[in-house]
Amino acid sequence: MTERQEAYYGEEYENGYYEEGYEENFGGDYGEYENAPRETPSFSKAGVMKWGAAFLILVYIALLLIYTSGSTKPFEEVAASVETLIDKENLVKQDAQALKRYYGLNSADYEGVLFYSAEFSISAQEVLLIEVKTEQQVQEVRDAVEERLESRKNTFEGYAPEQAQLIKQAQTQVRGKFVFMAVSPEAEAYAAAFTKGL
Amino acid sequence: MLFSSITFLFMFLPVTLAVYYLAAPQMRNLVMLAASLFFYAWGEPVYIILMLLSILMNYYCGLDIDGKRENPQFARRSLVFGVLANVAVLAFFKYYGLVMETVNGVFPVDIPYRVLPLPIGISFYTFQALSYIIDVYRGEVRAQKKLIHFSLYICMFPQLIAGPIVRYIDIEEQLMQRSFGIVKFGRGAMFFIRGLAKKVVIANSIGSVYEEVTRLPVGTVSVLTAWVGCIAYAFQIYFDFSGYSDMAVGLGKMFGFEFRRNFHYPYVSKSITEFWRRWHISLSTWFREYVYIPLGGNRCSGQRNMLNLILVWALTGLWHGAEWNFLLWGLYYGALLILEKFVWGTLMERLPGFVQHIYAFVLVMVGWVFFFSPSLGAALDHIGMMFGMGASALADRQAVFLLTTHWLLFVLCILGSSRGWSLLCAFTESYKKGRTQRIMSCVVYMGMFLVSVAFLVTETFNPFLYFRF
């Protein structure tokens with residue numbers, strides 16, 4: 001020990017007090033420290049992943065609400081948002097008989113029906129909006145719409161390919177109890193108006 | 001996809017069975033998982049992602065809780081997270097609309113809100129996930145480290161859509177190792193065919209009687225007609241749901257799994273307590289294990305016990321649907337169970353058996369009125385008609401017509417929901433006794449299958465009633 005160390009540590013160090021203190025404080029056997037149970041970390045990989053999955057569920061539900069949810073707004077309100085945009089020079093409002101004839105659907109079965117179709121058969125333009133009463137009716141209406149589109153596509157393909165193209169680009173949406181379909185050069189605008197109106 | 005559909009019976013099931021049994025044993029879980037995901041995606045192409053995310057979340061919840069086993073405080077926090085997250089997702093899809101409707105009804109506001117359809121099976125797979133993480137926390141099971149095994153537990157197609165609610169502890173070993181054999185497969189096929197016949201032949205047919213009664217204008221329904229409609233619904237929901245459960249158990253056996261039974265002739269019960277030991281057994285077991293017992297069960301004061309029962313049955317009612325009449329239905333049974341336990345249970349046991357049967361029967365029928373009615377008012381109207389208030393007469397031609405044209409169906413329903421069915425089953429399953437009985441058994445089951453397929457071919461879309469839960 002140097003003179004400085006001796007002056008600093010004093011007798012305790014020389015007497016081994018320091019070492020005793022070390023033992024007392026830190027344990028004589030380093031192996032005990034290694035073997036002592038570690039505290040459980042408050043977070044783990046599984047803990048992080050569960051939060052991640054929960055966050056993804058939240059995001060997914062938000063996306064569903066934005067892009068697929070229906071609305072409880074009255075049918076008239078939703079229909080009005082579409083009807084104001086409809087090109088009434090080329091499309092004529094149709095009645096329940098027309099819905100039955102072209103789609104095989106009874107308008108009395110549903111909460112509300114908005115049906116516009118071209119006046120002349122040379123045009124494939126159509127706009128349909130139906131609010132169903134029960135979830136089971138959604139599939140029934142969807143099937144009728146798909147059948148109508150398929151049938152008209154086959155009809156127009158022969159003699160009016162540009163109309164057939166319009167049908168291929170038809171906008172169809174199901175949002176809750178609302179089923180929407182538009183065949184028109186403005187179909188995207190009508191679909192946007194429908195979505196906004198919900 | 002429905003079990004009772006031509007697509008399932010003649011395409012999905014044969015293909016899945018073939019691939020499953022041709023696959024190497026260590027690949028069978030993966031095959032079944034893939035088939036289950038396809039099965040679910042067929043009907044819910046959008047919500048399959050939600051189910052997969054729920055599986056992931058619960059898988060890591062289980063691992064997290066298991067990893068914190070030595071620190072109860074952290075493990076508890078993980079459990080609370082898991083329970084709250086699962087309940088929040090279920091509550092959002094099921095009860096958000098009810099809450100908004102109630103707010104709009106009670107307060108002078110008309111707040112429009114976005115609605116999402118209820119994902120099929122969410123009540124069932126969420127409850128299974130909850131039972132898993134709670135059992136991991138309790139130390140009854142270790143967390144499943146293999147994601148494939150855990151995913152299969154949650155979304156196995158036999159029980160995914162409408163139960164039974166399978167506890168992880170009942171299936172843990174079977175996920176790793178299960179027995180196969182021609183006898184087990186055969187018994188599974190028999191269960192499946194019985195369930196199919198219950199659903200397609202009996203439930204759908206008796207359901208049409210119920211539909212006829214509901215279509216009658218108000219004021220033209222006699223007491224007898226009201227009872228005929230109610231009893232028809234009681235049989236429809238029993239054969240529909242127990243038929244589905246039988247099909248689920250049968251499919252499980254065909255794939256090597258053993259599920260517990262979910263129904264045990266509930267309509268032979270002599271008390272409401274007994275009824276709930278025989279009806280939807282997996283659900284009442286779940287609520288007992290994970291709500292009633294943690295609340296204290298019956299190991300507390302009488303008052304606390306009553307409160308526990310009321311709470312459990314309120315939740316049971318709400319589980320069935322987001323309508324106030326379901327809550328009332330649950331509270332109705334909660335009140336009856338309390339009365340049986342604390343007031344007249346002992347007295348009832350001293351009465352003759354047939355009196356007890358009538359007592360239980362009448363109370364269960366009244367309960368079903370709350371279940372099938374679209375609103376509370378409609379339920380009270382129907383109950384009134386059943387007891388003479390608001391009915392057009394005691395009996396009328398409509399009631400006699402329904403009974404005389406469907407008498408055989410009602411007889412089948414009575415036999416099928418009571419000991420008559422077990423006698424028929426004993427006869428058809430007497431194949432062990434000899435060659436003749438074996439052949440008879442095959443003929444009967446093939447006949448049941450062919451008749452069921454004939455009914456399926458002629459009918460339109462016929463979902464299971466419990467799909468809406």
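Visitor: In this predicted model, what share of the 198 residues of chain A counts as buried?

Guide: Burial is judged by how many neighbours surround a residue, and a count of 20 or more other C-beta atoms within 10 Å is needed. In chain A, 26% of the 198 residues count as buried.

Visitor: Why does L114(A) count as buried?

Guide: L114(A) counts as buried because it has 21 C-beta neighbours inside 10 Å. This residue lies in strand β3 of chain A, which covers residues 112–118, and, leaving aside residues up to four places away in sequence, L114(A) touches A79(A), V82(A), E83(A) and L129(A). By contacts with a separation of 6 or more, chain A has 56% between residues 24 or more positions apart.

Visitor: Which residues have the most contacts inside the largest nonpolar core?

Guide: The general idea is that in soluble globular proteins, nonpolar side chains tend to be buried together. Here the largest nonpolar core has 132 residues, and those with the most contacts inside it are M57(B), I133(B), C155(B), I206(B), A232(B) and A234(B). Helix α10 of chain B, residues 223–254, gives the most to this core, with 20 residues. A second, separate core of 36 residues includes A79(A), L105(A), V145(A) and F178(A); of these, A79(A) is also touched by L114(A). Returning to chain B, A234(B) touches V364(B), M365(B) and W368(B), again not counting residues up to four places away in sequence.

Visitor: How many residues does each chain bring to the contact between chain A and chain B?

Guide: An interface can be described in several ways, and its size is often given as the accessible area lost when the parts come together. Counted by residues, the contact takes 23 from chain A and 27 from chain B. On the side of chain A that touches chain B, α4 (45–67) and β1 (70–71) each supply at least two residues, and the largest share, 12 residues, comes from α4(A). That side divides into 10 nonpolar, 10 polar and 3 charged residues.

Visitor: In which sense do β1(A) and strand β1 of chain B pair, parallel or antiparallel?

Guide: They pair in the antiparallel sense over 2 bridges, the strand of chain B being residues 114–115. Within this pairing, G70(A) has V115(B) in β1(B) as its bridge partner.

Visitor: Where does the kink in α1(B) lie?

Guide: Helix α1 of chain B, residues 6–22, has 17 residues and reaches 23 Å from its first C-alpha to its last, close to the 24 Å expected at 1.5 Å a residue. The kink, of about 30 degrees, lies at F12(B), shortly before the proline P14(B).

Conventions: Residues are numbered from 1 along each chain as its sequence is written. Chains are lettered from A and ligands numbered from 1 in the order in which they are written. This is a predicted model: local features need pLDDT of at least 70, side-chain atom pairs count only at pLDDT 80 or more; totals for chains, interfaces and linings use all residues. Two residues are in contact if their C-beta atoms, placed from the backbone, lie within 7 Å. Helices (H or I, at least four residues) and strands (E, at least two) are DSSP runs, numbered from the N terminus. Ala, Val, Leu, Ile, Met, Phe, Trp, Tyr, Cys and Pro count as nonpolar, Asp, Glu, Lys and Arg as charged, and the others, Gly among them, as polar. Two strands pair if DSSP finds at least two bridges between them. A residue is buried if 20 or more other C-beta atoms lie within 10 Å of its own, exposed if 12 or fewer, and partly exposed in between; C-beta atoms are placed from the backbone. A nonpolar core is a set of buried Ala, Val, Leu, Ile, Met, Phe, Trp, Tyr and Cys residues joined through C-beta atoms within 7 Å. The expected span of a helix is 1.5 Å times one less than its number of residues. The bend at a residue is the angle between axes fitted to the seven residues ending there and the seven starting there.
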